[in-house]
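Let's take a look at a protein model together. Have the sequence and the 3D view handy as you read.

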Amino acid sequence: MICLLSASTTVMLLTGSITLGWQHSVEKTRWEETYQAEGRQLRLIEASVQGSGAGMEPPPEARLEQGVWRWQPNLLLDQVTLAGSTFTGEYTLCDANEGCHPLSHWLTPGQTVTLAACDSEAH
C-alpha cells in the first residue's frame, strides 16, 4: 500500500503501485515516475521524460519510445518528498483504483507531501 503524508493528513491509496507525474520547471515537458510498494519502502520501477535538457538527461540505458525516453532505475527508497513549485504546476497521481487525479484530489494544495509505503495500521 502507498500513502500520501502531510503534516495534518495521511491518505492511503489502495494500490501496490502509482505513477507520479509533473511538468519540468525549465523544459516544460512531462516527467513521470512509477513507484511500487515493497514492504516499508518504495521501489522506483520506471521513469520517463518527454525530451531531454536542463538537468533531465536520460541515462544511457533509456530507450526512446514514441518521443518519450523510458528507463528502469530500480531504486529502493524510504520515501519521496514532493517539492511544490509554481513553475511545475500540480503533481498528478495515477493508480489502478482511482485513475489519474491532481494531488489536490487527495490533499489540500500548498502542503509538503511525502509519498511512502505503508500498511493499513498507518491510518
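Which residues are linked in a network of salt bridges? Keep in mind that this is a predicted model.

## The salt-bridge network

The answer is E46, R63, E65 and R70. Let's zoom in on E65. Its side chain meets that of R63 in a salt bridge, at 2.5 Å from N to O, and the side chains of E65 and R70 meet in a salt bridge too, at 3.3 Å. Why pair up like this? Side chains of opposite charge can pair when their charged atoms come close.

How exposed are these residues? R63 is partly exposed, with a relative accessible area of 34%. E65 is partly exposed at 31%, and R70 counts as partly exposed at 24%.

## Another pair to find

Searching the whole structure turns up six salt bridges. One of them joins E38 to R43, with the closest N and O atoms 2.7 Å apart. E38 is partly exposed, at 32% relative accessible area. R43 counts as buried because its relative accessibility is 19%, and buried means under 20%.

## The sheet

Now for the strands. Four of them make an open sheet in the order β2-β1-β12-β9, paired antiparallel. At the edges sit β2 (10–13) and β9 (79–82), each pairing on one side only. From one strand to the next, the twist averages 20°.

Follow β9 to its partner: four bridges join β9 to β12 (residues 113–117). Within that pairing, Q79 has A116 in β12 as its bridge partner.

## Just past the edge

A83 lies in the loop between β9 and β10 (92–95). Is A83 buried or exposed? A83 counts as exposed, at 52% relative accessibility. From A83 to G110 is 27 residues in sequence, and their C-alpha atoms are 9.8 Å apart in space.

Terms used. Residues numbered from 1 in each chain as written. Predicted model: local features only at pLDDT ≥ 70, side-chain atom pairs only at ≥ 80, totals over all residues. Heavy atoms only, no water. Pairing = 2+ DSSP bridges. Helix = DSSP H or I, 4+ residues; strand = E, 2+ residues; numbered from the N terminus. Axes fitted to C-alpha atoms, helices over the stretch in contact; angles between N-to-C directions. Buried < 20%, exposed > 50% of the residue type's maximum accessible area, 1.4 Å probe, protein only. Salt bridge = Lys/Arg side-chain N within 4 Å of Asp/Glu carboxyl O.
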